[in-house]
Amino acid sequence: MLEPVMFKGGVYKHDLVLELVEDLGGYVLQRNVTQAEIILLLLIPSNDMTTLESLVKELRGELTRAPLAGTEVAVVTPTLAIHHLPHVACDVAEYLRRFGTKSNMIGMARGVGKKIAQINEFEMDLINEHDAAVFLFGNFIDCILGKEKLYRNIEVPVIVTGGPEIPKEDLPYAFEYVSTVGRQAHRSRKASEIASLDKIVAAVGRALDGMRKEIEMDPLTTSPPRVMNAVREQIPDIERSFSPLPIALNLNGCRIKLPYDEYSREVEKIAFDEGVTLAEIARITPSKMKNYIVVRILPMSETGFVF
Amino acid sequence: MDTLEVVAVEVPGEDYGAEKYREILLDILQDLGLYKSIGRIYIYSDIKRPYFAIYGLFRGSLPPLKVRDMGDVTQVDGGYQIQVEEEQHMDDLLKVLWAKYGREGVDQPDRDILIVATESSPEDLVVTDIEVEFRQDLVDALGRITPEGFRNRRNEMNEEGFFFLASEETIVPKLIDEAKEQIRRMADA
């Protein structure tokens, strides 16, 4: 089993970490260099964790578990206006990132108001491309209950946040409800506010664990990190993508940040050592996000094999 | 501690929301530097209807900003030197000085130093009317405090204070009267 971890340390000798990950059969999901510091998101076989830990100790680095690594979470606000941004939305998105997930902020076009709030098909499809969604609502019970229509038809687990305490039974379409995270006009600094962000991370973790269990019942033909590595090896243009994370992993596939029209044929032809191409084991469609490429790996029940 | 004399927020059935909107109000007024000019403020909202009303009383009118309020004015060779401490209104100051003394009469040897070629002190020149700026900022603040979905808005402002009403529904005279009545009740309590 692969364990998601985050390495923080100096750029000096970090190549040793990369080499070890490769030798152990792990994956490098993300690599962020900030001046003399580097942050690596890694998947490591759990049995070999002690080997990596001893190397990291030698390099005076820091190794922490990143339970949300390899996932994409949408942080959804009713709009992108000053009423909803930047404070709470940015705090939540940034805090989720610290635990390894790739968080995307989405502001709806007409999500405001109690009676007039609405979501359109495009927004719904865009949110459904993620592994989970966090909907940030306000401080009034009546409004939070009234906005259920915004996420009722979302297929991925939805974590709803708001200020007041509301029993979970009153929000049947939400995966979980996290209180004390409503509208505010200052950054989250107090211990109680940080504790509320921790609750959101825990709720997202539970939602993703549930999805992982569902996937385990009918395993994917291959793992998303393996597809990611194959893309990196066989489509060199991906390294020239301007996106900070050219391949974003999902639990059931990945998003390749290259234009669909130009690169979809190349992606379909990606070959594996087992003698199959990506088109045979995955659905390759245009993404709702900037015409990128979405890869959804088919389960064993559809292809008849796992590798 | 509140910087205003009175801050009262009432939202029937939404105690948490009322407490949070009090925080939002104070944060936004502080961000925009408005709390010094407002004495009392009352918010009443009925989320079932829904509408959101804010009533505030000013602490008194603000005097116009003069050159001497912006920094030290001293006599030097060839005129008067203004050492600017409040850079926020630098553009207004330059416009006023250029209009009065012409561009050739105003020299700026450094970012915060102006030398005006004149024999009489420019310290009593009016730079800008802060009252107008304050009211513009106040309207901005009221829009930010109000929940975003309440798109129909009505704003009444006079010398003493302001009354702001926002709703998702059309604002009719009956709704205005009702909101004012609730605010009056809060102010009298």
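Which domains does the domain assignment of chain B give, and what are their bounds?

Guide: The model is predicted, with local features requiring pLDDT of at least 70 and side-chain atom pairs pLDDT 80 or more, while totals for chains, interfaces and linings use all residues. Residues are numbered from 1 along each chain as its sequence is written, and chains are lettered from A and ligands numbered from 1 in the order in which they are written.

Chain B is assigned domain 1 (6-61 + 130-188) and domain 2 (65-128); such bounds come from an automatic or database domain assignment. The C-alpha centres of domain 1 and domain 2 of chain B are 39 Å apart.

Within chain B, helix α1 (residues 15-31) and helix α3 (residues 130-145) cross at roughly 150°, and their axes come within 10 Å. Helices (H or I, at least four residues) and strands (E, at least two) are DSSP runs numbered from the N terminus; axes are lines fitted to C-alpha atoms, for helices over the stretch in contact, with angles from 0 to 180 degrees between N-to-C directions. The crossing angle therefore makes α1(B) roughly antiparallel to α3(B), under a scheme in which angles under 35 degrees are roughly parallel, over 145 roughly antiparallel, 65 to 115 roughly perpendicular and the rest oblique. On the side of α1(B), the contact is made by B:I24, B:L25, B:I28 and B:L29, and on the side of α3(B) by B:A141, B:R144 and B:I145; two residues are in contact if their C-beta atoms, placed from the backbone, lie within 7 Å. By class, this contact of α1(B) with α3(B) has six nonpolar, no polar and one charged residues. Here Ala, Val, Leu, Ile, Met, Phe, Trp, Tyr, Cys and Pro are nonpolar, Asp, Glu, Lys and Arg charged, and the others, Gly among them, polar.

Chain B also contains a cis peptide bond between B:R49 and B:P50, with omega about -10°. B:P50 is placed in the loop between β2 (38-46) and β3 (51-58) of chain B.

The secondary structure of chain A comprises ten helices and 13 strands, and its C-alpha atoms fill a box of roughly 55 × 45 × 35 Å along the principal axes.

In chain A, helix α3 (residues 87-98) packs against helix α6 (residues 191-217) at an angle of about 55°, with the axes 10 Å apart. That angle makes α3(A) oblique to α6(A). A:D91, A:V92, A:Y95 and A:L96 of α3(A) meet A:L197, A:I200, A:V201 and A:V204 of α6(A). The residues of this contact of α3(A) with α6(A) are seven nonpolar, no polar and one charged.

Two backbone details of chain A deserve mention. The peptide bond from A:L85 to A:P86 is cis, with omega near 0°, and A:P86 is situated in the loop between β5 (72-77) and α3 of chain A. A:Q35 is not a glycine, yet has a positive phi of about 55°; A:Q35 belongs to the loop between β2 (27-34) and β3 (37-45) of chain A.

Finally, the contact between the chains takes 24 residues from chain A and 17 residues from chain B. On the side of chain A that touches chain B, the residues are eleven nonpolar, nine polar and four charged.
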